[in-house]
Amino acid sequence: MVDWFNIAVWSLVGTWALVVGTLVLMYWQTRQTQHLNSANAVMNLRERFDGGRMRAARRHLSDRLLKQAHEDIASMEVITFFELVGTLTHRKVLDEDLVWEAFGTGVTAYYGALRNPVDLIAQLRARLEEPLVFHEFEWLHSRIEQIDREEVGAVSSTRNLGDDARRILHRESDLASI
């Protein structure tokens with residue numbers, strides 16, 4: 001004799017197992033797609049960062065910062081670029097670790113130079129009467145520093161970041177346009 005109750009129970013259990021398995025697989029696929037899209041976006045941003053126009057803007061900004069010719073800074077393109085990267089990272093469109101790998105050094109160097117010895121970001125905020133100018137760049141810098149501490153540990157806090165920033169800016173000021 002056929003036990004219809006057991007068949008119904010096992011059919012129900014099998015159906016739920018299939019539903020749960022499908023949901024887990026869909027979640028995994030969605031996460032993989034997000035990671036792939038983030039990696040592609042970071043690669044595209046890196047290409048833009050290394051493009052001729054941005055290299056010229058980086059060269060100009062780093063040269064002016066090194067010479068402390070703050071009044072001669074004609075382009076905010078580099079800072080605006082990092083503001084965009086910060087916004088996309090803060091909203092979790094971009095993976096933080098990929099951004100750290102691709103842009104961490106530049107973020108740290110430019111942010112430090114824009115804040116010391118003269119706080120150009122604060123001056124710009126005051127002049128525009130807009131306290132949120134470049135706040136995502138500021139957030140990104142803070143997050144990059146946090147990841148530095150997690151990845152590098154105590155070494156990060158003991159090194160002279162001013163010397164590192166100047167060395168990076170010197171290298172940036174020698175960039176050739178492509």
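Arg 125 is buried, because its relative accessible area is 14%, where buried means under 20% relative accessible area, exposed over 50% and partly exposed in between, for a 1.4 Å probe and protein chains only. This is a predicted model, in which local features need pLDDT of at least 70 and side-chain atom pairs count only at pLDDT 80 or more, while totals for chains, interfaces and linings use all residues. Residues are numbered from 1 along each chain as its sequence is written, and side-chain values use heavy atoms, with hydrogens and water left out.

Arg 125 belongs to helix H5, residues 120–128; helices here are DSSP runs of H or I with at least four residues, numbered from the N terminus. When neighbours within four places in sequence are set aside, the residues in contact with Arg 125 include Arg 115, Phe 134 and Glu 138, contact meaning heavy atoms within 4.5 Å.

Side chains of opposite charge can pair when their charged atoms come close. With Glu 138, the side chain of Arg 125 forms a salt bridge of 3.1 Å, N to O, a term that requires a side-chain nitrogen of Lys or Arg within 4 Å of a carboxyl oxygen of Asp or Glu. This pair joins distant parts of the chain, since Arg 125 sits in helix H5 and Glu 138 in helix H6, 13 residues apart. Glu 138 itself is partly exposed, with a relative accessible area of 26%.

The whole structure holds 11 salt bridges. Another of them joins the side chains of Arg 58 and Glu 172 at 2.6 Å, N to O, and it links helix H2 to helix H8 (residues 161–173) across 114 residues. Arg 58 counts as buried because its relative accessibility is 3%, and Glu 172 is buried as well, with a relative accessible area of 7%. Both residues take part in a network of salt bridges together with Arg 46 and Asp 50.

Among the buried residues of H3 are Val 78, Phe 81 and Phe 82, and the cover over the buried residues of H3 includes helices H1 (4–49), H2 (52–66), H4 (96–115) and H6 (135–152). After H3 comes Lys 92, whose phi is positive, near 65°.

Technical notes: Helices (H or I, at least four residues) and strands (E, at least two) are DSSP runs, numbered from the N terminus.
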